[in-house]
Every structure is written in C-alpha cells, then in structure tokens.
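I opened my notebook to look through this structure one chain at a time. Here is what I looked up.

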Amino acid sequence: MTLQELASLLDAKNISTEDDLNSIVINNAYACDLMSDVLAFCTPGSLLLTGLTNVQIVRTAQMLDIPAIVFVRGKVPLDETVQLARENGIPILLTRYSMFESCGILFAKGMKPSIQMQEI
Amino acid sequence: MGAPVCLEYRIEGNDFMVAGAASNNIKNTLKMLGIASDICRRVAIITYESEINLVIHAGGGILQAIISEDHVDLVAKDEGPGIPDISKAMIEGYSTATEEAREMGFGAGMGLPNIKRNCDEFDIESTIGKGTTLKCVVYFPQN
C-alpha cells in the first residue's frame, strides 16, 4: 500500500517531509521498541512502527534503508529526531493508536510481516 | 578504483545524540563509490553496532573503514574496560548494557552476534583493563 493510504488507515500525521506520500509504496512492516532487534531482524524496505522517539530510531532507519517511521500511541518525537529525519528525507508519521491497534489495522489491510517465521 | 579510501572517526563515550553519524558517513561513502546497496547495508549494520558498543561500553574509541577495490576493512578500537568473556558476549541475548542504553532501545545482547552475521571475516581481541579491538572484513561481490 502507499504511505498515504497507510497514513489514512492510522489517522496519522506526517511531520517531517513535504514529499508526496503516494510515491512511497510499503508492503512489509516491523513493529518493535528494541532497536537491537530491528538491526538484527528487520528486512530492507520495511516500515518501522515504534513507541520510542529518540534520534537513534532515525539512525537505525538510515542504516537499514527503512523508508518511513510510525510513532505509535500518541508519542511526539524529540525535535532532534524530527530534524534528523528531515535531513534524511525519512517521513515520520504520528498515530494515536497503540502499537497493537496499529499493527492490527495494517495487518487486516494486507500488510505483511518484515521477517520470516522463526523456528522455535 | 585507485588507492584505498581511509575513513577514521573518534567516537565519544555516552554521546547518544551523535552516535551513528560516523556509520552514516561510511555508508554514504560506499554508496558514492557505487557499492551495491545490500553490501552498504551490511557494512552499516556492522559499523553502527560497533559505534553503539563504543558509546555504551567503552567510553568511546576509534572507528575506521578502509575501502579497497574488492573489500572493506572495518576496525573498532577502544581503551575501555575490555570484555571478560568473549564467548559469553557472542551469545544472542547476553548483555551488560546500562539502563540508559536500554532506554534508547539497545542492550538486547544482539550486537556482536549481529556484527558477525553480517561480515565475511570477524576477529575480536580484548584485554581486561586495556581495551578491545574488533576487526571485520566485508567483500564486494564481483559481477
């Protein structure tokens, strides 16, 4: 789905880019507050949903070529975080939905997980 | 490509605002040199995990990338407290990170295993009270 469709589904506000969100297509997502896990398991091109709002979230996105970040449960990121995202052209979306609700909404509309199922 | 491109950065300990800037510079340099994006991403993961380790555990150190025609040598060197048991540090989930690092989303004990997974050659030496040197090599596939 396009980032614009995704933003509409999550009733989310874009606060970091002027870019046309219709031009970005995202089919996979990874939801996590642990950047160590994101770095280990998230596949390139995936959307990142998180409740953490510090600058290292954007740094992690830079390293992994993550095209956009959704901050969940009404969290507002630090100014430094928004600034770094702007400098790097990474859209930041803010949604009032919780992580669970956000994932449920996107999953129901066909968004796929970022990683393959792990054996246990 | 002619002579190797050498990049070296001083990483400050406990500075979470700047952490990752050096890794981003290394990644951008590789991109500019036309290196494939999956290789750039693997190098970025290695350098970023190393940079975060220098910030969290070592009180800072040096991060170095030497980009040659067919590979990149990566070195993270510090004069920190050293790693008491490297085999333990290589176990996924084992972590000695500070509370501050955990609040930033790190300290899951995935760093060194993730570095090893993303490089082609991996070597780590550590002496208690003297510091740690991590050396990695990533080869560029020839088309």
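What percentage of the 143 residues of chain B count as buried? I found 50%. I note here that the model is a predicted one.

**Entry: chain B, overall**

I listed the secondary structure next. Chain B has five helices and five strands. Read from the N terminus, the order is β-α-α-β-β-α-α-α-β-β. The radius of gyration of chain B is 15 Å, close to the 15 Å from the globule rule for 143 residues, so chain B is as compact as a globular protein of that length. I also took the box along the principal axes. The C-alpha atoms of chain B fill roughly 45 × 30 × 25 Å.

I then turned to contacts and surface. Among contacts in chain B between residues at least 6 apart in sequence, 64% join residues at least 24 apart. Chain B exposes about 6,900 Å², and carbon and sulfur atoms supply 50% of that area. Chain B holds 12 positive and 20 negative charges, and their mean positions are 3 Å apart.

**Entry: Ala36(B)**

I picked one loop residue in chain B. Ala36(B) sits between α1 (21-32) and α2 (37-57). Is it buried, partly exposed or exposed? Its relative accessible area is 39%, so Ala36(B) is partly exposed. Ala3(B) is 33 residues from Ala36(B) in sequence, and their C-alpha atoms are 20 Å apart in space.

**Entry: chain A, overall**

I repeated the survey for chain A. I counted five helices and six strands. Their order from the N terminus is α-β-β-α-β-α-β-α-β-α-β. Chain A has a radius of gyration of 13 Å, close to the 14 Å that the globule rule gives for 120 residues, so chain A is as compact as a globular protein of that length. Its C-alpha trace spans about 40 × 30 × 25 Å along the principal axes.

Buried residues make up 52% of the 120 residues in chain A. Of the contacts in chain A between residues at least 6 apart in sequence, 55% join residues at least 24 apart. The accessible surface of chain A is about 5,600 Å², with 53% belonging to carbon and sulfur atoms.

**Entry: Ser46(A)**

I ended on a loop residue in chain A. Ser46(A) lies between α2 (35-41) and β3 (47-50). Why does Ser46(A) count as buried? Its relative accessibility is 1%, and the cut-off for buried is under 20%. The side chain of Ser46(A) reaches the backbone oxygen of Thr43(A) at 2.8 Å. Leaving out residues up to four places away in sequence, Ser46(A) touches Asn28(A), Ala29(A), Ile66(A), Pro67(A) and Ser114(A).

Conventions: Residues numbered from 1 in each chain as written. Chains lettered and ligands numbered in written order. Predicted model: local features only at pLDDT ≥ 70, side-chain atom pairs only at ≥ 80, totals over all residues. Heavy atoms only, no water. Helix = DSSP H or I, 4+ residues; strand = E, 2+ residues; numbered from the N terminus. Rg over C-alpha atoms; globule rule 2.2 N^0.38 Å. Buried < 20%, exposed > 50% of the residue type's maximum accessible area, 1.4 Å probe, protein only. Contact = heavy atoms within 4.5 Å. Areas by Shrake-Rupley, 256 points an atom, 1.4 Å probe, with all protein chains shown as cover. Polar contact = N/O pair within 3.5 Å; in protein donor to acceptor, adjacent residues only side chain to side chain. Lys, Arg positive; Asp, Glu negative; His and termini not counted. Charge placed at Lys NZ, Arg CZ, Asp CG, Glu CD.
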